[in-house]
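Trainee: Please take a close look at one part of this structure: the salt bridges and the helix involved. I would like the cut-offs stated as you go.

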Amino acid sequence: ITLNGSTVSQWSDKSGRNNHVLNATAATQPPYLTTAFNGKPTLSFTIAGQQFLFGSSFTNFSATYDYFIGAVFEMFQSFQRWDMVAGWRATPNDGLSGAPVLQAMSNTQQFGVHNTDVADIRIKVDVTTRVTKRIATVGRTGGTNGNGGTVLVTATEPSQATYLSQATQTWTSVSTSNFQIGGRQQAGTDYGDKYISEVVCCSRNLTTQEREKLEGYFA
């Protein structure tokens, strides 16, 4: 990470492809907390500040084709909103910018993917509570131009087994390779208080064995 005092101006990509997410505006940069997540570092994304980090034109990773995204995070509120952890944005922190899908989102006791442009088009899994530390993943196989394909969503936490959901995406969306962590999901106040500690993205869906290995690494 690149620090601007106590906030993060860039979260750097470890893959060597320079797919960094950043934010030059101090007021909306997430604070860096050294021991807040099980005694380990994390980034804090709040409602009041609308904190987010954004990357333009990612190399070899876009919403157009197959993908996999996994994240480690903690939610602190249970209001009935879809709350973004990581996903594609055509324009930074703009909930009406034609983004295709968003990953690891929560509404009441659910996590999943959701399209900002079509009402109530979502693929989700139910969990016992959203307000806890979580590992969640989403992967798509067989999609083109942001549409179609088979989607698998998982969400786990220490006292709950993995939950799976499989469905076919039917929405039409703008294809983009711009990516955002934290911030707003839709118009209005659809973003919330959360810690996001790690995000892993792949340009293909993972096999079950690969996903389970990654969940073990996250844990």
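Mentor: A residue counts as buried under 20% relative accessible area, exposed over 50%, and partly exposed in between (1.4 Å probe, protein chains only). The model is predicted, so local features need pLDDT of at least 70 and side-chain atom pairs count only at pLDDT 80 or more, while totals for chains, interfaces and linings use all residues. Residues are numbered from 1 along each chain as its sequence is written, and side-chain values use heavy atoms, with hydrogens and water left out.

Searching the whole structure gives three salt bridges (a side-chain nitrogen of Lys or Arg within 4 Å of a carboxyl oxygen of Asp or Glu). In one of them, Lys133 pairs with Glu74, with the closest N and O atoms 3.4 Å apart. This pair links distant parts of the chain, Lys133 being in strand β12 and Glu74 in strand β7, 59 residues apart. Helices (H or I, at least four residues) and strands (E, at least two) are DSSP runs, numbered from the N terminus. Lys133 is partly exposed at 25% relative accessibility, whereas Glu74 is buried at 12%.

Arg204 and Glu210 form another salt bridge, the closest N and O atoms being 2.9 Å apart. Arg204 is partly exposed at 42%, as is Glu210 at 29%.

Glu215 also bridges to Arg211, at 3.0 Å between the closest N and O atoms. Both lie in helix α1, four residues apart, about one turn of the helix. Glu215 is buried at 10%, and Arg211 is buried at 6%.
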